[in-house]
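Visitor: Hi! Could you walk me through this one? I'm new to reading structures.
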Amino acid sequence: MNDPSEARLRMAAHWLQIGRPERVLDELQGLSGDAAVDYRSYLFRGAALHALDRNAEAIDVLRDGLTLHGPFPAMLHVLGSSLRSEGRLPEAEAAFLQGLSLDPNDPDLLIGYAHVCLAAGQAEKASALVERAASHAPESVAVSAARAQVAFALGKDRDMHRHSTEALAHDPEDPNARALHGTASMLTGNSRSGYRSLASAAAAQPGDADLRAAAREAKMFNHPLMLPLRPFARFNPLVVWVAAVAVIYGLRIAGLAPLSFAFAMFWLGFCVYSWVVPPLVRRWINRKWGS
Amino acid sequence: MPDELLRPTVGAGVDMSARPWRLMSQTYVAFFGGVLASTAVAYLNAGRLGVDAAKRRLILLTGLAGLLAVIGLFVLLYGDSGVTSGLRVSIRVVAVLCCLAQLRLQRPMDRAFQLRGADYGSLWGVGIAATIGGAVAEALILLLVTVVL
């Protein structure tokens, strides 16, 4: 292969590594001859398209590459991830299993397969896969982040917070780890650090509308006017409501009717507050941020 | 030795085009619409989330238990003073407890849905219809109970 083509492929790998997928595609556009059908050309193009959320195109490119060059783990990994993003879970599973038949202990493939199981609602199996990946790879941001996602799927929000904190300790700059840490902080009632993590994750990935919305929601929770509503964010509002009813009727049964009435009035005021204030704060914040 | 962990288990059970509703939105339906409305919405949503058949049956069972509890409370508390605030509140408490159980049954698949990163659907139309329909149906059932008594 001639040198300019090799340089382009190296450049494409670099752009991919620093998270500039559109530059990868530009770089690969200029390839011709043997270099255009090099396995790296298929792999990098597929990975870039997957990063740009153009998964249907990524799947086509990667399947062509696999037909031409035969199965190998890295390409099957990106193919499986693209199929998962497209929601084609059985096909994604087949891709990861094909990769794992070549190397049953590849940590990336094990974690990729775990993500498919999570999307299919099989959190226990996902957990076992992540632990197997952890036994073959030194502790890494990917393993901790995957553990955090497993904990989220299992509804163990405190464990999610612990694992996402570990992920951040491995790599404080990783946007995925920051987003997980932010979500876990919000779920465990720490909206201040939740906002910090979500806002920095959203800043690192400006194209992600969901992250932006989550950061904005977290910002709202930190507003001083939202402070009295913390119990609603911390517990299920229905549980708070049942507790209030129990207090009101408990006081009445105990013969403390005036106290019961006073508490009921306070509760009524609190309910009105909880209905009126959040939309107002949301509007103020949206006006400041620009919708 | 075949590796158990690397055996395919992902069926085609998850419909990715279905748009389920937020679990928190369902609490409003339960609060205003009662046990029947809550059960209807939880059952439909469980189908959208891809919850397995056994758990969906369990949702219907919690709904049935809730309805029986509501009828029981009505028989106990409905007296000469008619429908008191205590009766109304206790019927609502049953609906809310029932809803909490139904949310718990949906939660694992709701978390899986969130990890898939797709968007939720809007519960406004179905929610209001279920709230009104459920409340009317429950009132009719309780009216029937007063006739039988």
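Visitor: Which residues is Leu79(A) in contact with, leaving aside its neighbours within four places in sequence?
Guide: Leu79(A) is in contact with Gly46(A), Ile59(A), Leu62(A) and Ala95(A). Two residues are in contact if their C-beta atoms, placed from the backbone, lie within 7 Å. This is a predicted model, where local features need pLDDT of at least 70, side-chain atom pairs count only at pLDDT 80 or more, and totals for chains, interfaces and linings use all residues. Residues are numbered from 1 along each chain as its sequence is written, while chains are lettered from A and ligands numbered from 1 in the order in which they are written.

Visitor: Is Leu79(A) buried or exposed?
Guide: Leu79(A) is buried, because 30 other C-beta atoms lie within 10 Å. The cut-offs are 20 or more other C-beta atoms within 10 Å for buried, 12 or fewer for exposed, and partly exposed in between, with C-beta atoms placed from the backbone.

Visitor: And which helix does Leu79(A) lie in?
Guide: Leu79(A) belongs to helix α5 (residues 73-85) of chain A. Helices here are DSSP runs (H or I, at least four residues), numbered from the N terminus.

Visitor: New topic: how is chain A divided?
Guide: Chain A has domain 1 (3-228) and domain 2 (229-291), with bounds from an automatic or database domain assignment. Their centres, taken over C-alpha atoms, are 40 Å apart.

Visitor: How many residues of each domain are in contact?
Guide: In chain A, 10 residues of domain 1 are in contact with 11 residues of domain 2.

Visitor: What about chains A and B, how many residues does the contact take?
Guide: The contact takes 30 residues from chain A and 25 residues from chain B.

Methods:
Helix = DSSP H or I, 4+ residues; strand = E, 2+ residues; numbered from the N terminus.
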